[in-house]
Amino acid sequence: MNPLARKRLARGALNTAGVLVFLFAVFPVYWMISTSFKANDQIFTTDFIPFPTHFTLDHVDRVLTEGVAGNPIWVYMRNSAIVALGTVLVGSAFALLAATAVARFRFRGRTAFLITLLVVQMIPCEALVIPLFLNVKRLGLYDNLLGLIVIQVGITLPFGVWMLRTFVAAVPKSLEEAAWIDGASRFTTFRKVLFPLVAPGLVATSIFSFITAWNDLIFALVLMKESSGYTMPVALQYFFGQRGTDWGAIMATSTLMTLPVIAFFLLVQRRMVSGLVAGAVKG
């Protein structure tokens, strides 16, 4: 076999493997969406039905009109959006400042600080529920969405600092020094030189923070007392009852729950692409 044919064969095998991995990853999402539009007799059948033959909006309509636990579904979606966006804004700001300090300055305890970030990431969230609950209650943030934001910022901050540190360290310090020579202040240099170049990393950490806060169940369940303060994952649990599981409503709610995540990703994806070139300098 000649080298060109071997290269084409290898590329074809790699593309086939990529397609299989893509289908494996996408199939659960497709099954969730298709099930939300199936009638009950098709959901609970033993036959494999890849798509709804009797298309129905009953499950989606029931979730939107009846709500969950006495509240409209939009209340839970609003709460999730507040917590997720608050976590992204506050956490990204602190993570970027901390990552810049760690990457650009040398100070006593710097290595210990970085090691601590890794150690904190290894601690399961379930082990932190009781101490965080007690601290939130002392601060008067129990049954308050602000308390959830504080908790989620603390959970996502170590990952954000560690990841952004790599992006900041990859930016040549000579670019900042050139801006200083031209008379730019440190704040102007940070805003116009460093920030655009680390924007892709900031977007990546924002996506991680948003998904983590949006999908949180345990802290929202423990720290919120009134059902009007619950988030979407907590509302989803109401469809699992002692008399059975309402899979149609679960799939419909899960489909609605994924829409804001997709919208957020599409929104920040543009910023990720533009951030790759926004900090370019003339040669």
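Q: What makes Gly 91, Ser 92 and Ala 95 part of the lining of the largest cavity?
A: This is a predicted model, and a residue counts as lining when it has an atom within 4 Å of a cavity point. Gly 91, Ser 92 and Ala 95 are listed on that basis, along with Thr 156, Leu 157, Gly 160, Leu 164, Thr 205 and Ser 209.

Q: Why is the space with a volume of about 50 Å³ called a cavity?
A: A cavity is a set of points where a 1.4 Å probe fits but cannot get out. The largest such space has a volume of about 50 Å³, and the count comes to one cavity of 30 Å³ or more.

Q: Which helices supply the lining of the largest cavity, with at least two residues each?
A: They are α4, α7 (145-170) and α9 (186-214). Of these, α7 gives the most, with four residues.

Q: How is the lining of the largest cavity divided into nonpolar, polar and charged residues?
A: Gly counts as polar, whereas Ala and Leu count as nonpolar. By that rule the lining has three nonpolar, six polar and no charged residues.

Q: What makes the second largest pocket a pocket, and what is its volume?
A: A pocket is an open set of points with protein on both sides within 12 Å along at least five of seven lines. The second largest pocket has a volume of about 240 Å³.

Q: Which residues and helices line the second largest pocket?
A: Its lining has 14 residues, and Leu 128, Leu 132, Ile 151, Gly 154 and Ile 155 lie nearest its centre. Helices α5 (110-122), α6 (129-138) and α7 each supply at least two residues, with α7 giving the most, four residues. By class, eleven of the lining residues are nonpolar, three are polar and none is charged.

Q: How do you know what area domain 1 and domain 2 bury between them?
A: The domain assignment gives domain 1 as 3-56 and domain 2 as 68-276. Six residues from domain 1 and eight residues from domain 2 take part in the contact. Buried area is the accessible area that two parts lose on being put together; here that is about 570 Å², 82% of it on carbon and sulfur atoms. On the domain 1 side, Met 32, Ser 36 and Phe 44 lose the most area, together 65% of what that side buries.

Q: Where is confidence lowest and where is it highest among the named elements?
A: Strand β2 (residues 244-245) is lowest, at a mean of 75, and helix α4 (residues 73-104) is highest, at 91. For the protein, the mean pLDDT is 84, and 93% of residues reach 70 or more. Over residues 275-283, pLDDT stays under 50.

Note on methods:
Residues are numbered from 1 along each chain as its sequence is written. This is a predicted model: local features need pLDDT of at least 70, side-chain atom pairs count only at pLDDT 80 or more; totals for chains, interfaces and linings use all residues. Side-chain values use heavy atoms; hydrogens and water are left out. pLDDT is the predictor's confidence in each residue, from 0 to 100. Contact means heavy atoms within 4.5 Å. Grid points are joined across faces, edges and corners, and a volume is the space filled by probe spheres set on the points. Domain bounds come from an automatic or database domain assignment. Buried area is the accessible area (1.4 Å probe) that two parts lose on being put together, summed over both.
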